[in-house]
Amino acid sequence: MPQKLLDVLMLGRCSHEFSWPRRGSDGDFYQVCLVCAAEYKYDWKTMRRTERVERTAPQDSAESAQTRRRSTHSRKPTWVPRARRLKLDTPVRYRVKNLGSWHEGIIQNLSQSGVLLQGSQRFPNNTLVEMVFEMPEEISGQKNSTVLCQGRIIRTKETREAKDSAENSSLAASILDYKFVHQRPAPPEE
């Protein structure tokens, strides 16, 4: 049995490795520890976990149905502020999911909507990609945590200032999910 799971079961402590923040049915964001399954609220404005979420049995009463009905008629804002960015200068290796060779790049920033990276290889929009990089502690809950990230290219453009350099494409990718990579070397060159 892996040591981290043994620590949780025997000692009651967990070092917490968190999933990518997800939006709950109530509209709030939360993260789940991939080791002990504890859930915490996540605030994208401060990029911090807040309080632990204690799940209770759902109430399917007339009152909760009335609350749901009332919330569907609320007006949605016409302007939504841009998601907060966490500036990074982190190396990344990326490729089409399960195919081809790995390409080198640099992640410029990370936000609720995904990552923006500079790299030498462009991919069309909607391409499923894999990325290997060090996820910031504000998201993962761990220092020096390398992740294998699944994503989708949502925007690609050639950068003007980098046309003559090796890193001449700017790729925006949404993050679908990620897994922690434990004590493994970087993906091999293909």
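# Cysteine sulfurs, a closed barrel and its contacts

The sulfur of Cys36 has its closest cysteine sulfur in Cys33, at 3.6 Å, which is too far for a bond, since a disulfide is taken here as a pair of cysteine sulfur atoms within 2.5 Å. This is a predicted model, in which local features need pLDDT of at least 70 and side-chain atom pairs count only at pLDDT 80 or more, while totals for chains, interfaces and linings use all residues. Residues are numbered from 1 along each chain as its sequence is written, and side-chain values use heavy atoms, with hydrogens and water left out.

Cys14 also has Cys33 as the residue with the closest cysteine sulfur, at 3.6 Å, again too far for a bond. By this rule the structure has 0 disulfides. Cys36 is partly exposed at 27% relative accessibility, and Cys14 is likewise partly exposed at 23%, where buried means under 20% relative accessible area, exposed over 50%, and partly exposed in between, for a 1.4 Å probe and protein chains only.

## The barrel

Six strands close into a barrel in the order S5-S6-S7-S10-S9-S8, with antiparallel pairing. Neighbouring strands of this sheet are turned by 40° against each other on average, direction ignored; axes are lines fitted to C-alpha atoms, for helices over the stretch in contact, and angles run from 0 to 180 degrees between N-to-C directions. Strands are DSSP runs of E with at least two residues, just as helices are runs of H or I with at least four, numbered from the N terminus, and two strands pair if DSSP finds at least two bridges between them.

Strand S10, residues 169-180, is mostly covered, with 9 of its 12 residues buried. On one pairing, S10 is joined to strand S7 (residues 114-119) by 5 antiparallel bridges, and Leu117 stands opposite Leu171 of S10. Leu117 of S7 is also the bridge partner of Ile107, and strand S6 (residues 103-111) pairs with S7 in the antiparallel sense over 6 bridges. On another pairing, strand S9 (residues 145-158) meets S10 over 11 antiparallel bridges, with Lys157 opposite Ser170.

Thr156 belongs to strand S9 and counts as buried, because its relative accessibility is 18%. Leaving aside residues up to four places away in sequence, Thr156 touches Arg122, Phe123, Asn125, Ser170 and Leu171, contact meaning heavy atoms within 4.5 Å.

## Salt bridges

The whole structure holds 5 salt bridges, each defined as a side-chain nitrogen of Lys or Arg within 4 Å of a carboxyl oxygen of Asp or Glu. Three of them are listed below.

| Pair | N to O distance | Relative accessible area |
|---|---|---|
| Asp177 and Arg22 | 3.5 Å | Asp177 35%, Arg22 30% |
| Glu51 and Lys41 | 3.6 Å | Glu51 47%, Lys41 31% |
| Glu54 and Arg52 | 3.6 Å | Glu54 58%, Arg52 45% |

The salt bridge between Asp177 and Arg22 links distant parts of the chain, with Asp177 in strand S10 and Arg22 in strand S1 (residues 22-23), 155 residues apart. The salt bridge between Glu51 and Lys41 connects strand S4 (residues 48-53), which holds Glu51, with strand S3 (residues 39-43), which holds Lys41, the two residues being 10 residues apart. In the remaining listed pair, Glu54 is exposed, whereas Arg52 is partly exposed.
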